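My notes follow in the order I looked things up.

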Amino acid sequence: MTDSKEVRMQTLGPPGEAGWDSGSWGRGLGGQRGRSLPRHISDVCRGPVRAVAHSRCLIVAICLLGTVSKVPSSQEQEQELAKQEKVYQELTQLKAGVDRLCRPCPWDWTFFQGHCYFFSKSQRNWHDSVTACQEVGAQLVVIKSAEEQSFLQLTTKKRGHTWMGLSDLNKEATWHWVDGSPLSLRFMKYWNPTEPNNLGQEDCAEFDGDGWNDAKCDISKFWVCKKSALSCSHE
Ligand SMILES: [Ca+2]
Ligand SMILES: [Ca+2]
């Protein structure tokens, strides 16, 4: 076999040409004219049972050409997929981190021992202060412990006269919190000296300096709302 014949056999030429003597080759691979195939593919195409051999040859040739032409792009696709997978994993981790972040209290509220406190910047009378706290899902502050009392007294002392959720509106000298509970005897020591004095009908309690005072309910003062803090546990 001469070099020129061997070259012709390995070339997808027009129908009838050596190595591609069925017209279907030229039509089936019309756009591939002149493209070379390896020697062993050519040999398959020249088998004795040509119809079968041509079918096998066509499949092998298409697969081979497809594989050869896609090798670089396939690698690029794998690299691109790897990049996308990495970005996806990073975003997933970032989202998990954000989900773990938790604020137990709304902005502008102060957290203290499992509760959130809102110290108003404006002033209202006692009844409007009760309403203001209800509107934000809270209550005009009801004091439950000595620690809480100390925290509130110190904070309000810096701000000025501040309403708390305590009054004797229903019965003079009988003090109740806005949650309906009576004022405990152990809290009586927090009244300022000579208070409560009900001077001119004072029925609402306020933080005043270092202790409590009864004052007229229609006077505008700051107020403190209290509500439970959100649990940040994800267990
Ligand atoms: Ca009173
Ligand atoms: Ca008073």
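I count two strands as paired if DSSP finds at least two bridges between them. I keep in mind throughout that this is a predicted model.

**Overview.** I began with the secondary structure. The chain has six helices and eight strands. Along the sequence I read the pattern α-α-α-α-β-β-α-β-α-β-β-β-β-β. The chain has 235 residues, and 21% of them count as buried. I also looked up the contacts with a separation of 6 or more. Residues 24 or more positions apart account for 54% of them.

**Strand 8.** Which strands are joined to strand 8, and in which direction do they run? I took the partners one by one.
- Strand 2 (residues 115-119) runs antiparallel to strand 8 (residues 222-228), with five bridges between them. I noted one pair here: Cys116 is bridged to Lys227.
- Strand 3 (residues 139-140) is also antiparallel to strand 8, through two bridges. Here Gln139 has Lys226 as its bridge partner.
- Strand 4 (residues 162-167) runs parallel to strand 8, again with two bridges. Trp163 pairs with Trp223 in strand 8.

**Helix 5.** Next I checked burial along helix 5 (residues 126-135). Trp126, Ser129, Val130 and Cys133 are buried. Why do I place them on the same side of helix 5? They cover an arc of only 105° around the axis, so they share one side of the helix. Thr131 and Glu135 lie on the other side and are exposed. I then asked what covers the buried residues of helix 5. The cover includes strand 3, strand 4, strand 6 (204-208) and strand 8.

**Core.** Last, I looked up the largest nonpolar core. In soluble globular proteins, nonpolar side chains tend to be buried together. The largest core in this chain holds 26 residues. Which of them touch the most other members? They are Leu140, Val141, Met164, Val224 and Cys225. Strand 2, helix 5, strand 4, strand 6, strand 7 (211-215) and strand 8 each supply at least two residues of this core.

I followed Val141 further. Leaving out residues up to four places away in sequence, Val141 touches Leu152, Met164, Gly165, Val224, Cys225 and Lys226. Among these, Lys226 had already come up as the bridge partner of Gln139.

Conventions:
Residues are numbered from 1 along each chain as its sequence is written. Chains are lettered from A and ligands numbered from 1 in the order in which they are written. This is a predicted model: local features need pLDDT of at least 70, side-chain atom pairs count only at pLDDT 80 or more; totals for chains, interfaces and linings use all residues. Helices (H or I, at least four residues) and strands (E, at least two) are DSSP runs, numbered from the N terminus. A residue is buried if 20 or more other C-beta atoms lie within 10 Å of its own, exposed if 12 or fewer, and partly exposed in between; C-beta atoms are placed from the backbone. The arc is that of the directions from the helix axis to the C-beta atoms. Two residues are in contact if their C-beta atoms, placed from the backbone, lie within 7 Å. A nonpolar core is a set of buried Ala, Val, Leu, Ile, Met, Phe, Trp, Tyr and Cys residues joined through C-beta atoms within 7 Å.
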